[in-house]
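Welcome, and take a moment to look over the model shown here. The report below walks through it part by part.

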Amino acid sequence: MLHTVNKSPFQNTTLESCIRFVRPGDVILLLEDGVLAAQAGSAKSALLEEAMGKCEIYALEADLKARALKELVPGVKTTDYSGFVDLVEQHTTHSWL
Amino acid sequence: MAEEVKKIMFTVRKAPHGSIYVYEGLEVKLIMAAYDADISVVFMDDGVFAVKQGQDTKPLGIKGFEATYGALVDYEITKVFVDRQSMEERGMTEEDLLVIGEDEDTEEPIKPQVVGSDEIAAMMAEQHNILSF
């Protein structure tokens, strides 16, 4: 399963819900305001640190760059749009809108 | 060669009435029910408010959808689930859930099934497509 999250964890609980339904081997892709969760040392970075144990986490580069996010929670991988397409191709996707 | 029946899940995570998502999602479910697909619906997060019984939208001047939800079983949409944690966090119990149809033989009302997140995650993993509203 690929879970995409496009909401800020500081604004609502979408990422928390997503993590509750993630199974081992799933992938979470953060995009749009969702990438704000990837900032290291934030009040919400524990969410990704906890999820890291059971799934892979990606953040979309274009959205990170646009928001000047450089220090990421350790273990968060980055991907570009073509990597995004690859992930969608490889998995069934659920968009946590 | 017979094609495999597609397993399609709808997830409803938005509260009703504040946006058009729940209403539009319901329309899509009814349309999809006309096709040969294995449909399931899961209400989670604020989506659980969409299946609370006793919604009166007259004061808002909009058409409600509780009656339409009451016909889901008639549309052969019987796999309807509610996430237990989302429901309990919002102070709701199984008693609060609306009716989605009645049993053909006994005429007993049918309500959505309340299930845990592990069960929902396992069902999600079996789907061909998941549409979120």
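How many salt bridges does the structure hold over all chains? There are 10 salt bridges in the structure, counted over all chains. A salt bridge here is a side-chain nitrogen of Lys or Arg within 4 Å of a carboxyl oxygen of Asp or Glu. Side chains of opposite charge can pair when their charged atoms come close.

Before going on, a word on the ground rules. This is a predicted model, in which local features need pLDDT of at least 70 and side-chain atom pairs count only at pLDDT 80 or more, while totals for chains, interfaces and linings use all residues. Residues are numbered from 1 along each chain as its sequence is written, chains are lettered from A and ligands numbered from 1 in the order in which they are written, and side-chain values use heavy atoms, with hydrogens and water left out.

| B:D83 | A:R20 | 2.6 Å |

Helices (H or I, at least four residues) and strands (E, at least two) are DSSP runs, numbered from the N terminus.

**Where the chains meet**

The pair B:D83 and A:R20 joins the two chains, and the rule finds 1 salt bridge across the interface of chain A and chain B. Between these chains there are also 10 residue pairs in polar contact, both residues being at pLDDT 80 or more. A polar contact is a pair of N or O atoms within 3.5 Å; within protein, one must be able to donate a hydrogen and the other to accept it, and residues adjacent in sequence count only if both atoms are side-chain atoms.

On the side of chain A that touches chain B, α1 (14–21) and β5 (93–96) of chain A each supply at least two residues. That side divides into 4 nonpolar, 6 polar and 2 charged residues. (Ala, Val, Leu, Ile, Met, Phe, Trp, Tyr, Cys and Pro count as nonpolar, Asp, Glu, Lys and Arg as charged, and the others, Gly among them, as polar.)

Contact, meaning heavy atoms within 4.5 Å, takes 12 residues from chain A and 19 residues from chain B. Together the chains bury about 1400 Å², 54% of it on carbon and sulfur atoms. In chain A, the residues that lose the most area to chain B are A:R20, A:F21 and A:L97, together 43% of what that side buries. Buried area is the accessible area (1.4 Å probe) that two parts lose on being put together, summed over both.

**The sheet of chain A**

Chain A has an open sheet of 5 strands in the order β4-β3-β2-β1-β5, with parallel pairing. Two strands pair if DSSP finds at least two bridges between them. At the edges lie β4 (77–79) and β5 of chain A, each pairing on one side only. Strand β1 (residues 2–5) of chain A is joined to β5(A) by 4 bridges, and A:T4 has A:S95 as its bridge partner in β5(A). Helix α1(A) packs on the sheet, touching β1, β2 (27–30) and β5 of chain A, and its direction makes about 170 degrees with that of β1(A). Axes are lines fitted to C-alpha atoms, for helices over the stretch in contact, and angles run from 0 to 180 degrees between N-to-C directions.

**The sheet of chain B**

In chain B, 5 strands form an open sheet with parallel pairing, in the order β6-β3-β2-β1-β7. Its edge strands are β6 (113–115) and β7 (129–132) of chain B.
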